Amino acid sequence: MRFTKMFIPTIKDAPKDAEVISHQMMIRAGMIRKVASGIYNFLPLGLRVLKKVENIVREEMNRAGAQEVLMPMVVPSELWQESKRWDVYGKELLRLKDRHDRDFCLGPTHEEVITDMVRRDVRSYRQLPLNLYQIQTKFRDEIRPRFGLMRGREFIMKDAYSFHASEECAEREYKNMYETYLRIFERCGLRFKAVEADTGQIGGSFSHEFMVLAETGEDAIASCNKCKYAANVEKAETKIQGQGASVKGQEKTLTKVSTPNMKSVEEVSGFLKVSPQALIKTLIYDSDKGGFAVLLRGDYEINETKLKKHADAEWVRLADDETVKKITNAPSGFAGPVGLKCGIIADYSIQNVVNGVTGANEKDAHFVNVNIDRDFKADKFADLRNVVQGDDCPRCDGKLEIMRGIEVGHIFKLGTKYSETMNAVFLDENGKEKPFIMGCYGIGIGRTAAASIEQNHDKDGIIWPMPLAPFHVHIVPVNVNDKKVMDAAENIYKDLEGAGIEILVDDRDERAGIKFKDADLIGIPIRLTIGSKNLENNMVEMKLRKEANALLVNRAEIVEKIKNFKS
């Protein structure tokens, strides 16, 4: 392809609203253009990258035995009402009415549609298992779209759904998809980790996220430095050490002390000259089941995903000042478990606190020398906190490391969440009706492309891994008005094209410096610079985008060398 024949509107500076590297560079490299908040046009270079991701995904899904379908983006409300998600999904679900005043939505995900499709035509266990997937546009009305393709409202996604007659079969397919996703992201040339994750709004019993490792990642990942354990921090488990707190002879007398205007952990620990680890932090939460208290060690942070699970609640949130005062008889900042008249859930971390410090449920007062069992009791102990760097691994004797990642794929074991609600059943070998056991498997196509840039770039532009690059080779003739230079460029172009290599030739009549800047910005893996001086010795300059130095290559060896790099 020739540069002069392609629509590649590169620009020097990114727009001010482009916050992350991938957004900035895709705009500057002429790959995407904003249409509205969180909605983008894909220009030729950007679309070529998306198609590269799609092709890898499609090939591996087909190889794994899945079958491709295509479902509508506009979905009738009746299906979402059947699953009971119409009223609970929230404002991310973009709802609309047709001319007959019937309710529809733009599909953010397609569990309802696929379940309806299968229940209509699959009646027997003999037709199972079944794995159907699509690559299609989704829409989620994000409250604050940002980061370009990372968190847009309209996006392209591969979503697959499997249907099974038994748990064992569902487990096999989950493992099959797990292995398939490993192959997909390996083929994309990305550094990534598969991590245990929360199931979120999709639901189900367990899930794994596939995270591209990048310092700019939105998600924190806990990964063991010895074994293969890795999990999103929302899901990461702490190692339970067991109760080792109160021992007779160690307990001191419970004492109330004045702490004027001291509310935060930092303020109280500094005022009392104790470490944050000595504090038992008391948080008052509200939920659909009423208010309750949560206890954890002062130097840790609460994990609301874990809390919601252990509180067995539909929702949890920090209580407002009025609710705190109603429960504790004190303003916010002075809550404590001693004498508290509400349910208490405690993190395991407080089991090892001896003679701790807590709020006294009284303005400007705290208790010191607080001990579990003697001074208060918890209704339940659970893993409620976020893991931190250096925590013990819950699976081995290693330590957890915290790193950043970008979620590009997520697989779920749904079970019968949707099939039972929507009465999607089949006849088993005994002729009895049973609900399908389901799995769900998603990959963000555009998000994968953007994550690749977040992982692979420098100050000058993108550094595409070969499998995702819009072209494999960027030929830059230094002087397009020099016939020998252009003849050489044309001949090299034809040789490479005949070898199945994708090439972009910068045939613009521009200064070499401008062409080199655009080449670095666009990030095609190999650049061939053709100049008259090197041609006198039958040589061409070859430079890998990810390396600083170029090398001279004999024209006769170019095809073979590039084929080796490409493979």
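Tutor: Asn-55 counts as partly exposed because its relative accessibility is 38%, where buried means under 20% relative accessible area, exposed over 50% and partly exposed in between, with a 1.4 Å probe and protein chains only. The model is a predicted one, in which local features need pLDDT of at least 70, side-chain atom pairs count only at pLDDT 80 or more, and totals for chains, interfaces and linings use all residues. Residues are numbered from 1 along each chain as its sequence is written, and side-chain values use heavy atoms, with hydrogens and water left out.

Asn-55 lies in helix H2, residues 44-63; helices (H or I, at least four residues) and strands (E, at least two) are DSSP runs numbered from the N terminus. Gly-498 is 443 residues away from Asn-55 along the chain, and 21 Å separates their C-alpha atoms.

For the protein as a whole, 14 helices and 31 strands are found. Of its 567 residues, 52% are buried. The C-alpha trace spans about 95 × 65 × 50 Å along the principal axes. Of the contacts between residues at least 6 apart in sequence, 69% join residues at least 24 apart, a contact being heavy atoms within 4.5 Å.

Helix H1 (residues 21-28) packs on helix H10 (residues 445-455) at an angle of about 105 degrees, their axes lying 8 Å apart. Axes are lines fitted to C-alpha atoms, for helices over the stretch in contact, and angles run from 0 to 180 degrees between N-to-C directions. H1 is therefore roughly perpendicular to H10, a class covering 65 to 115 degrees. Ile-21, Ser-22, Met-25 and Met-26 of H1 meet Ala-450, Ile-453 and Glu-454 of H10.

Three strands form an open sheet in the order E4-E6-E5, with antiparallel pairing; two strands pair if DSSP finds at least two bridges between them. E4 (74-76) and E5 (95-97) are the edge strands, each with a single partner strand, so one side of each has no neighbour in the sheet. From one strand to the next, the twist averages 40 degrees. E5 and E6 (residues 103-106) run antiparallel and are joined by three bridges; Arg-95 has Cys-105 in E6 as its bridge partner.

Notes. Parallel < 35°, antiparallel > 145°, perpendicular 65-115°, else oblique.
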